[in-house]
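Subject: Structure for your files

Hello,

Here is the structure I said I would pass on. My notes on it follow below.

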Amino acid sequence: MIIGRVVLGKPLSCAVMHFGVEGVPQASGKNEMRKGIEELEQHSGDSGWIEVITGSMFSGKSEELIRRLRRAQIARQKVQIFKPAIDLRYSDQHIISHSEMKIASQSVKSANEILAAVEIDTNVVGIDEGQFFDQDLVRVANILADQGKRVIVAGLDMDYLGRPFEPMPLLLAIAEDITKTRAICVRCGSPATYTQRLIASRERVVVGAADAYEARCRGCFDPHLSEKAGD
């Protein structure tokens, strides 16, 4: 996978990434990806920036978010972490990846609650499951970055029909750094970028895990499978 990076108007190297199960990078791409992130981490100016980690379910988005936040904590930066209150799959007080990595977080009902909760001396703001927030998340992320904070958002880029999942597309447009993760298609073993819904529902937001979703490639993805499941 080709990932292009732009940091505060300065182009970074273009890295070829290979992802395995849960989005764990192979050795050939890991150093290049982390080099780009470390350039952002070492930025010494007063302005902040926005990083977006996006992809399908089971691609390692939360895992990569947790990794970056832990690095910031090790660097003794003040970090605040948020998740949508609607996501109660594993815990209401932690972000927990499908591979069982976890980090303490605060549950909020809206993007504006994040803005109200972030303290003035916070250096890094982490937000998981960005697709579950309202459109104000884009404005909030911009405000926090303008305040000099590093804002890291992880979330799905597409919904169960393969359509762009707002507000993530707008966040991708304004972010200084974008990482797109890939899972493994459970049907054929190819790199997967789609989230296949397995249960019968036409609701756009249905919170679930492996019991309700699986990762699939373009060829194996069936956007109408959830309708057939109800027949």
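Of the 231 residues in the protein chain, 48% count as buried, where buried means under 20% relative accessible area, exposed means over 50%, and partly exposed is in between (1.4 Å probe, protein chains only). This is a predicted model, in which local features need pLDDT of at least 70 and side-chain atom pairs count only at pLDDT 80 or more, while totals for chains, interfaces and linings use all residues. Residues are numbered from 1 along each chain as its sequence is written, and side-chain values use heavy atoms, with hydrogens and water left out.

The protein chain has six helices and 16 strands; these are DSSP runs numbered from the N terminus, H or I of at least four residues for helices and E of at least two for strands. Among contacts between residues at least 6 apart in sequence, 69% join residues at least 24 apart, a contact being heavy atoms within 4.5 Å.

The sheet

Six strands form an open sheet in the order β9-β6-β10-β11-β5-β12, with parallel pairing; two strands pair if DSSP finds at least two bridges between them. At the edges are β9 (106-108) and β12 (177-181), each of which pairs on one side only. On average, neighbouring strands of this sheet are turned by 20° against each other, direction ignored. Axes here are lines fitted to C-alpha atoms, for helices over the stretch in contact, and angles run from 0 to 180 degrees between N-to-C directions. β5 and β12 run parallel and are joined by five bridges. Glu-51 has Asp-177 in β12 as its bridge partner. Helix α2 (residues 61-74) packs on the sheet and touches β5, β6 (79-84), β10, β11 and β12. The direction of α2 makes about 165° with that of β11.

The cores

The largest nonpolar core has 21 residues, of which Ile-114, Ile-127, Leu-137 and Leu-171 touch the most other members. A nonpolar core is a set of buried Ala, Val, Leu, Ile, Met, Phe, Trp, Tyr and Cys residues joined through side-chain atoms within 4.5 Å. At least two residues of this core come from each of β5 (49-55), α3 (111-117), β10 (124-127), α4 (136-146), β11 (150-156) and α5 (168-174). α4 gives the largest share, six residues. Another core, of 12 residues, lies apart from this one and has Ile-53, Ile-103, Ile-152 and Ala-154 among its members. Beyond its neighbours within four places in sequence, Ile-114 is in contact with Phe-82, Val-108, Val-125, Ile-127, Phe-133, Leu-137, Val-140 and Leu-144.

Backbone points to check

Glu-166 and Pro-167 are joined by a cis peptide bond, with omega about 5°. Both Glu-166 and Pro-167 are in the loop between β11 and α5. Glu-166 is partly exposed, because its relative accessibility is 34%. Not counting residues up to four places away in sequence, Glu-166 touches Gln-131, Gln-135 and Arg-204.

Phe-58 is not a glycine, but has a positive phi of about 65°. Phe-58 sits in the loop between β5 and α2 and is buried, at a relative accessible area of 15%. Glu-129 also has a positive phi, near 55°. This residue, Glu-129, lies in the loop between β10 and α4 and counts as buried because its relative accessible area is 10%. Glu-129 is one of the contacts of Ser-62, together with Ile-95, Ser-97 and Asp-128, leaving aside neighbours within four places in sequence. Ser-62 belongs to helix α2 and is buried, with a relative accessible area of 12%.

The aromatic pair

One aromatic pair turns up in a search of the whole structure. The ring centres of Tyr-194 and Phe-221 are 4.6 Å apart and the planes are at 20°, so the pair counts as stacked. Rings of Phe, Tyr and Trp (its six-membered ring) pair if their centres lie within 6.5 Å; planes under 30 degrees apart are stacked, over 60 edge-to-face, and the rest tilted. Tyr-194 is in strand β15 (residues 194-197) and Phe-221 in the loop between β16 (213-216) and α6 (225-228), so that the pair, 27 residues apart, links distant parts of the chain. Both Tyr-194 and Phe-221 are buried.

Regards
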